[in-house]
Amino acid sequence: MARETIFSTDASAVVFGPGATTEVGPRIKALGCERVMLVTDPRLADLPPVATATSSLQDARVDYEVFDRVRVEPTDASWKEAIAAATEGGYDGFVSVGGGSTMDTAKVANLYSTYPADFMAYVYPPLGEGRQAPGPLKPHIAIPTTAGTGSETTGNAVFDLPSAHAKTAIANRVLRPNVGLIDPDNTRTMPSLVAACSGLDVLSHALESYTAVPFDQREAAADPLKRTVYQGANPISDIWAARAIEFCAQYLVRAVQDPADDEARANMLLASTVAGIGFGNAGVHLPHAMSYPISGLARGFHPDGYPDDHAIVPHGMSVILTAPAIFRWIACANPERHLHAAALLGVDTSQAKPEDAGDLLAGALVEMMKAVGMPNGLNGVGITEGDMPILVEGTMPQTRITSLSPRPVTPDDYRVLFMESMTIW
Ligand SMILES: [Fe+2]
């Protein structure tokens with residue numbers, strides 16, 4: 001196998017600061033748009049972030065229509081509804097106001113309405129064909145209202161495919177929004193548990209991209225234009241990931257425990273973007289891969305602060321529930337990095353030996369999970385040992401990200417890691 005020698009870094013333009021949402025009108029107009037689809041979810045549709053965005057569009061004389069039927073944790077069905085609306089509307093640009101589900105829905109509405117194709121055409125293999133978009137998309141400005149996914153900076157869009165009991169993704173550089181407007185005023189509407197789950201998602205993005213297999217240990221891309229966006233750890237992503245871990249250590253618990261702590265909330269929103277630039281150019285691995293069947297198994301779990309029309313294991317929660325077991329298990333592949341990550345989280349590693357790395361990092365994660373009110377393992381969200389076949393089979397197709405694990409992983413390993421995550425403490 002020829003080893004990769006090249007990595008690349010892409011990022012959206014980032015505009016950060018209280019009130020940044022008021023700039024969406026002039027900025028989308030400057031991108032040449034006159035009639036845009038504003039994508040949001042039903043809960044946000046009547047809240048200030050959407051009102052601020054629409055009045056900015058009006059002031060800039062940009063026509064818009066609001067699509068407010070985004071599903072939190074979208075499915076192929078909810079995406080098809082958005083794609084149909086985008087196709088029918090004939091828009092020349094997109095504005096998304098919401099969490100990762102909303103930004104991702106706008107990305108795919110843009111993709112399929114610009115370059116129509118069979119739905120599975122752009123979906124990542126092996127479930128889909130993994131086709132590349134034939135050219136650039138229409139302009140998209142993303143305005144996040146939760147501090148989690150970093151979706152405003154990435155070329156990924158993630159969805160549930162109930163027929164395969166799995167989450168999967170469309171990953172394509174052209175999906176990356178042109179601009180991310182990061183406005184701390186918009187996270188005022190974020191319930192406390194949403195802040196906890198999205199903050200832990202940020203932390204996991206940073207830890208996973210920092211510990212992913214290095215880009216130069218992977219196979220060289222045959223075609224430079226098809227080099228995957230999930231390249232593996234690389235020197236530029238490392239900078240963003242390490243800084244995001246420090247932000248989380250400093251602000252995550254504060255932001256959850258005191259919703260009025262503006263400094264903590266603003267910095268977690270910034271951390272989300274910082275981690276997004278890191279993992280958007282490196283990738284995530286086992287906690288995300290194993291989270292997909294967990295969220296697919298949501299039954300009767302209705303956490304506070306989330307829409308109660310369907311059972312849901314929030315993305316960040318489903319990611320973090322297996323993270324302690326995973327980091328404990330993979331740390332031997334690169335103990336120095338895991339120790340450094342633990343140190344960035346505030347652990348005293350001065351006397352630590354390489355073999356302590358996994359326990360130290362997992363211990364720091366568990367402390368943080370307890371402090372922000374996470375359930376104690378998969379049992380806490382209604383998942384039991386009887387679900388093991390679905391958990392393991394739902395993880396297997398996620399080869400795009402499981403291949404970034406620093407330690408090679410087998411179905412038996414997944415079984416052990418899920419088992420250890422049933423009850424964590
Ligand atoms: Fe995530």
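This is a predicted model: local features need pLDDT of at least 70, side-chain atom pairs count only at pLDDT 80 or more; totals for chains, interfaces and linings use all residues.
View 1. Across the boundary, 31 residues of domain 1 are in contact with 38 residues of domain 2.

**View 2. Strands line the side of domain 1 that touches domain 2.** Strand 1 (13-16), strand 7 and strand 8 (179-182) each supply at least two residues here. Strand 7 gives the most, with three residues. By class, this side of domain 1 has 12 nonpolar, 13 polar and six charged residues.

**View 3. Strand 7 (residues 166-171) is largely enclosed by the rest of the structure, because six of its six residues are buried.** In a regular strand, side chains alternate between the two faces of the sheet. Here both faces are covered: Ala166, Thr168 and Ile170 are buried on one side, and Lys167, Ala169 and Ala171 on the other. Have a look at the neighbour too: strand 6 (residues 156-161) runs antiparallel to strand 7, and six bridges join the two. Phe159 stands opposite Thr168 of strand 7. Four residues lie between the strands of this hairpin, where His165 takes a positive phi near 50°.

**View 4. Helix 10 (residues 323-330) is mostly covered.** Seven of its eight residues are buried, namely Ala323, Pro324, Ala325, Ile326, Phe327, Arg328 and Ile330. Helices that cover these buried residues include helix 5 (192-211), helix 8 (286-296), helix 9 (315-320), helix 11 (335-344), helix 12 (357-371) and helix 15 (411-420).

Definitions and conventions: Residues are numbered from 1 along each chain as its sequence is written. A residue is buried if 20 or more other C-beta atoms lie within 10 Å of its own, exposed if 12 or fewer, and partly exposed in between; C-beta atoms are placed from the backbone. Two strands pair if DSSP finds at least two bridges between them. Two residues are in contact if their C-beta atoms, placed from the backbone, lie within 7 Å. Ala, Val, Leu, Ile, Met, Phe, Trp, Tyr, Cys and Pro count as nonpolar, Asp, Glu, Lys and Arg as charged, and the others, Gly among them, as polar.
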